[in-house]
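Subject: Structure handover

Hi,

Here is the structure I promised to pass on to you.

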Amino acid sequence: MSDTPIRVLVAKPGLDGHDRGAKVVARAMRDAGMEVIYTGIRQTPEMIAEAALQEDVDVVGLSILSGAHLELFPRVTELLKEKGKTDVLLVAGGIIPDEDIPQLNAMGFTGVFGPGTNTNDLVKFVQAEMAKRRMHNAQ
Amino acid sequence: MNSQLLSQIQNGEPLAVARAITRVERGGNDARNLIRALFPYTGRADIIGVTGAPGTGKSTLVNALAKEFRTREKRVAIIAVDPSSPFTGGALLGDRFRMQDLAGTGIFIRSMASRGQLGGLAAAVSDAILVLDAAQFDVILIETVGAGQGEVDIAKHAHTTIVLEAPGLGDDIQALKAGILEIADVLVVNKADRDGANATAAALEMNLNLNPDKNAWRPPVLKTIALQGKGIGELADAIAAHQKYLGENHLRAKKEAARFNDELRELLQRELLHKKLQNVAAEQWQTWIDEITTRRRDVYAIAEEILNG
Ligand code: B12
Ligand SMILES: Nc1nc2c(ncn2[C@@H]2O[C@H](COP(=O)(O)OP(=O)(O)O)[C@@H](O)[C@H]2O)c(=O)[nH]1
Ligand SMILES: [Mg+2]
């Protein structure tokens, strides 16, 4: 099953219009062989959870540079739980102060990546996490 | 398959439907068992294909059409196919981006990567259609890759095929160039807000093959502005008229029979090949190839040996 492409949703929650990072990340993931659904800016938590559910993605990646992550991210994770979409790897990036990272980790965001991240690193992170999960599910 | 999952899919529960599509995309025995369980509950949905060159507005039109069907009390699902990179296998699935206003409406959207399949669709599209059909969607809209050339597979799957054209893509009619005009049940000139829409529509009318049979379906040529939802009601009416025509002339059943005929043959080809070759060792195969290359035997002789083996 490990040859099934990793499916990723890259989404930008809230009113934040900075979309360069999200596009860079989406492209890097595609070039690494993943199937990436990019839904653009101004996504509500409801839209993100619905897309994750319908597309049955393995990974949800949130990109945010507005500073509203502590308000918006918990809504996304709550909705995913509510809808039963719990088998998903959560990652995030953008302008996120270091002191907020433990809180995001506690919400389930396994990887948080700030400005200047080499896209190879985040691609490798996602691949490694997914390999672990798929190995676990196969057992 | 457990009966709880079956009823969840039949009730159209998004999580169950979405996971079922993932399973048919993966293929193998699991997918077969799933399809076997669902198949008796399929055959109800109207399947509508939308094809046309990239940028003609397929996703935008599907978005508008889905909304229109919804106001007509239909339950709508969408499958949008984008190409996979032949080099990395990756894909950017961008159709959903144009379908933002469908969020929260209960319309089910699934993006699929072509995963190496030629012909404008993904290999799993026909099984994904069965899943959505069993999930009791009334209308299933399918957007093809839109690479153009030879993208005619959609006509096999859809009851009604819409071919999209837009003015200003050069003087040529793209659909004509790509040889997909023949599969159109409805022709649409989208972006009618732009110059040249009337000329494009006239050119399409002129190139329609005139079927000498008076009772045959004549594809209407419609103009739309998908971005503003204009002409979409008329398009939905034309689709309904085509479906009515199919029903009255028993053509829907005929179309399905033709498709299952193809599917069964293709499946048999794959399976028989697999069956005949599964116990052939790689060295044996290499020996045969060597024998042919050195002209000691010919392909017919080897094929006969395999078939009799
Ligand atoms: C370019 C830019 C803009 C451009 C945006 C163009 C665009 N379409 O993206 C413009 C000029 C439009 C703009 C406007 C504004 N900006 Co501005 N902008 C920036 C700037 C300089 C660079 C952002 C950028 O594109 N970086 C390049 C990309 C590739 O990097 P990245 O987004 O960080 O992404 C990387 C990682 O974060 C990570 N990543 C990102 N997303 C994801 C997602 C996943 C899933 C993963 C795994 C990883 C990941 O990987 C990427 C690759 O390394 C930053 C400052 C900075 N140094 O970050 C300010 C900045 C983000 N902007 C800021 C502000 C305040 C604004 C404005 C409000 C200014 C104003 N008053 O008008 C407006 C708001 C616009 C809006 N509608 O939201 C502030 C935000 C402050 C905050 N959060 O508290 C910043 C931090 C500047 C500052 N120091 O004050 N901005
Ligand atoms: N002017 C105009 N632009 C449109 C219309 N419909 C779609 N578009 C634009 O055409 C571009 C391509 O549309 P899209 O739906 O992605 O096309 P696809 O590649 O065929 O799916 C987008 O920028 C749309 O906003 C229309 O009716 N008029
Ligand atoms: Mg499209």
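Below are the conventions, then the chains, then the ligands.

This is a predicted model, in which local features need pLDDT of at least 70 and side-chain atom pairs count only at pLDDT 80 or more, while totals for chains, interfaces and linings use all residues. Residues are numbered from 1 along each chain as its sequence is written, chains are lettered from A and ligands numbered from 1 in the order in which they are written, and side-chain values use heavy atoms, with hydrogens and water left out.

**The two chains**

Chain A has 5 helices and 5 strands (DSSP runs numbered from the N terminus: H or I of at least four residues for helices, E of at least two for strands). Along the sequence they follow the pattern β-α-β-α-β-α-β-α-β-α. The radius of gyration of chain A is 14 Å, close to the 14 Å from the globule rule for 139 residues, so chain A is as compact as a globular protein of that length (the radius is taken over C-alpha atoms, and the rule is 2.2 Å times the number of residues to the power 0.38). Its C-alpha trace spans about 40 × 35 × 25 Å along the principal axes. Of its 139 residues, 53% count as buried (under 20% relative accessible area, with a 1.4 Å probe and protein chains only).

Chain B contains 12 helices and 8 strands. Its C-alpha atoms fill a box of roughly 65 × 50 × 40 Å along the principal axes, and 47% of its 309 residues count as buried.

**Ligand 1, at chain A**

The cobalt atom of ligand 1 has a single protein donor, A:His18 (NE2), 2.1 Å away (donors are N, O and S atoms within 2.8 Å of the metal, or 3.2 Å for Na, K and Ca; water is not among the atoms, so sites may look incomplete). A:His18 sits in the loop between strand 1 (7-11) and helix 1 (20-31) of chain A.

Around ligand 1 there are 24 residues, the closest being A:Gly17, A:His18, A:Ser63, A:Leu65 and A:Thr117 (a residue counts if one of its heavy atoms lies within 4 Å). Strand 4 of chain A gives the most to this shell, with 4 residues. Among the polar contacts (pairs of N or O atoms within 3.5 Å), a backbone N or O atom of A:Gly17 lies 2.7 Å from an oxygen atom of the ligand, and a backbone N or O atom of A:Leu65 lies 2.7 Å from a nitrogen atom of ligand 1.

What coordinates the magnesium ion (ligand 3)? The donors are B:Ser59 (OG), B:Asp95 (OD) and B:Glu143 (OE), at 2.2 Å, and their spacing in sequence is S-x35-D-x47-E. B:Ser59 lies in helix 4 (residues 58-71) and B:Asp95 in the loop between strand 3 (91-93) and strand 4 (108-113) of chain B, so the pair ties together parts that are 36 residues apart in sequence. Both B:Ser59 and B:Asp95 are buried.

B:Ser59 also meets ligand 2: a polar backbone atom of this residue is 3.0 Å from a ligand oxygen atom. A polar side-chain atom of B:Lys191 likewise lies 3.0 Å from an oxygen atom of ligand 2. In all, 17 residues surround ligand 2, and helix 4 of chain B supplies the largest share, 3 residues.

Best wishes

Key. Buried means under 20% relative accessible area, exposed over 50%, partly exposed in between (1.4 Å probe, protein chains only). A polar contact is a pair of N or O atoms within 3.5 Å; within protein, one must be able to donate a hydrogen and the other to accept it, and residues adjacent in sequence count only if both atoms are side-chain atoms.
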